[in-house]
Amino acid sequence: MEAIAYERAADIAGAIRAAREPGVAFIGGGTNLLDLMKGGVERPVKLIDITHLSDDGLDTARALPNGGVRIGALMRNSDAANHPLVRERYPLLTQALLAGASAQLRNMATVGGNLMQRTRCPYFYDTAFAACNKRAPGSGCAAIDGHHRNHAIFGASEACIAVNPSDMSVALAALDATVQVADAGGTRGIPIGQFHRLPGDRPDLDTTLQRGELITSVDLPPATSAAGTAYLKVRDRASYAFALVSVAAMLHMNGDKVEAVHIALGGVAHKPWRATIAEGMLTGQPLSDKALHEAAAAQMRDARPLRENRYKVAVAERAIVRAVNVAAGRERLGVTGETA
Ligand code: SF4
């Protein structure tokens, strides 16, 4: 048995002070971190409990002067999904949050923790497998020649082909959210597209957070009331399963033409993957079936699937088409949000 020190931080400043020591980890809901610790994948020497911070606004959402909304990092996923400001202005985020995990986990997991959750690659969690560059840098990657049905088709490296498991982060990517963080030197905002990393030769690093930085909130830009949105999650079963592929789509039409479209893919890369090729092809054009199918196909031409995950290319292509059609009001999703 390994002893682990515990400290309950009273405020943000105290949490940041405590995080200066090496080997510490912040714990909020703990829904991922505790699993990793029980499996011996993560071995912090000290846990800093941030669930009792007294600073205002960390466990709720509030309107910002610019018309956007700030969601506190300690807000539980279920509370964030059901907050009136989120439900009314950002239904895409509500849909994505409610598509994640189970009701019990959503009641416990925090928004900050959701951003920090680690890949569900089974080799990462099973320490009996020696080769995992994310868990043990330099050891290799068991998934590349092993089972990789759920792994990346975009942005992977020779060191790691894992995917980010978060539904919430896919919606945040489509919404152009900003992650607010604090450390001893002050605060900074990280655009969501720069928050999660591609694996490159450092798959052990999931994000661009620096040691000692604490996520304090997620800021959403002003919502466009005219935008249609859809979160479509394709998975092996109707609930409590990670996405094989997911699509968050936000569409703003001007007459029959696409004024703006944001499309983010989940389950396909080490980070939420913005479908910039499809977005560029659709913007300013009439939203015809032909244009939509061509844009989705063009987006997927950059995919680099492996032996077991080729199916994701076709699934993602169809999911892009369907999600945009749902955002346009031409189709509807079932109650669980999956394709039929
Ligand atoms: Fe580890 Fe990444 Fe390879 Fe999975 S894909 S075994 S997480 S290095």
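With which side chain does the side chain of histidine 52 make a polar contact? The partner is the side chain of threonine 51, at 3.0 Å. The views below are close-ups of a predicted model.

**Figure 1. Histidine 52 in the loop between strands E3 and E4.** The loop that holds histidine 52 runs between strand E3 (46-49) and strand E4 (61-63). Histidine 52 has a relative accessible area of 41% and is therefore classed as partly exposed. Leaving aside residues up to four places away in sequence, histidine 52 touches Arg8, Ala9 and Ala10. Leucine 172 lies 120 residues from histidine 52 in sequence, and their C-alpha atoms are 25 Å apart in space.

**Figure 2. Alanine 101, a residue other than glycine with positive phi.** The phi of alanine 101 is about 55°. Alanine 101 is placed in the loop between helix H5 (91-99) and helix H6 (103-108). Its relative accessibility of 33% makes alanine 101 partly exposed.

Figure 3. Glutamine 117 is buried, because its relative accessible area of 14% falls under the 20% cut-off. Its side chain is joined to the side chain of asparagine 114 by a polar contact of 2.9 Å. A polar contact of 2.8 Å joins the side chain of glutamine 117 to that of arginine 120. Not counting residues up to four places away in sequence, glutamine 117 touches Asn32, Pro165, Ser166 and Phe242.

**Figure 4. Tyrosine 240 in the loop between strands E9 and E10.** Tyrosine 240 is not a glycine, yet its phi is positive, near 50°. At a relative accessibility of 45%, tyrosine 240 is partly exposed.

**Figure 5. Packing of helix H13 against helix H14.** Helix H13 (residues 289-300) and helix H14 (residues 311-327) pack at an angle of about 145°, and their axes are 9 Å apart. The crossing of the two helices is right-handed. On the H13 side, the contact is made by Leu292, His293, Ala296, Ala297, Gln299 and Met300. H14 contributes Lys312, Val313, Ala316, Glu317, Ile320, Val321, Val324 and Asn325. By class, the residues in this contact are 9 nonpolar, 3 polar and 2 charged. An α-helix has 3.6 residues a turn, so residues three or four places apart point the same way.

**Figure 6. Helix H14 and what covers its buried residues.** H14 is largely enclosed by the rest of the structure, because 12 of its 17 residues are buried. Among the buried residues of H14 are Lys312, Arg322 and Asn325, along with Val313, Ala316, Ile320 and Val324. The cover over the buried residues includes strand E9 (228-234), strand E10 (245-254), strand E11 (257-266) and helix H13.

Conventions:
Residues are numbered from 1 along each chain as its sequence is written. This is a predicted model: local features need pLDDT of at least 70, side-chain atom pairs count only at pLDDT 80 or more; totals for chains, interfaces and linings use all residues. Side-chain values use heavy atoms; hydrogens and water are left out. Axes are lines fitted to C-alpha atoms, for helices over the stretch in contact, and angles run from 0 to 180 degrees between N-to-C directions. Helices (H or I, at least four residues) and strands (E, at least two) are DSSP runs, numbered from the N terminus. A crossing is left-handed if the near helix is turned anticlockwise from the far one by less than a right angle, and right-handed if clockwise. Contact means heavy atoms within 4.5 Å. Ala, Val, Leu, Ile, Met, Phe, Trp, Tyr, Cys and Pro count as nonpolar, Asp, Glu, Lys and Arg as charged, and the others, Gly among them, as polar. Buried means under 20% relative accessible area, exposed over 50%, partly exposed in between (1.4 Å probe, protein chains only). A polar contact is a pair of N or O atoms within 3.5 Å; within protein, one must be able to donate a hydrogen and the other to accept it, and residues adjacent in sequence count only if both atoms are side-chain atoms.
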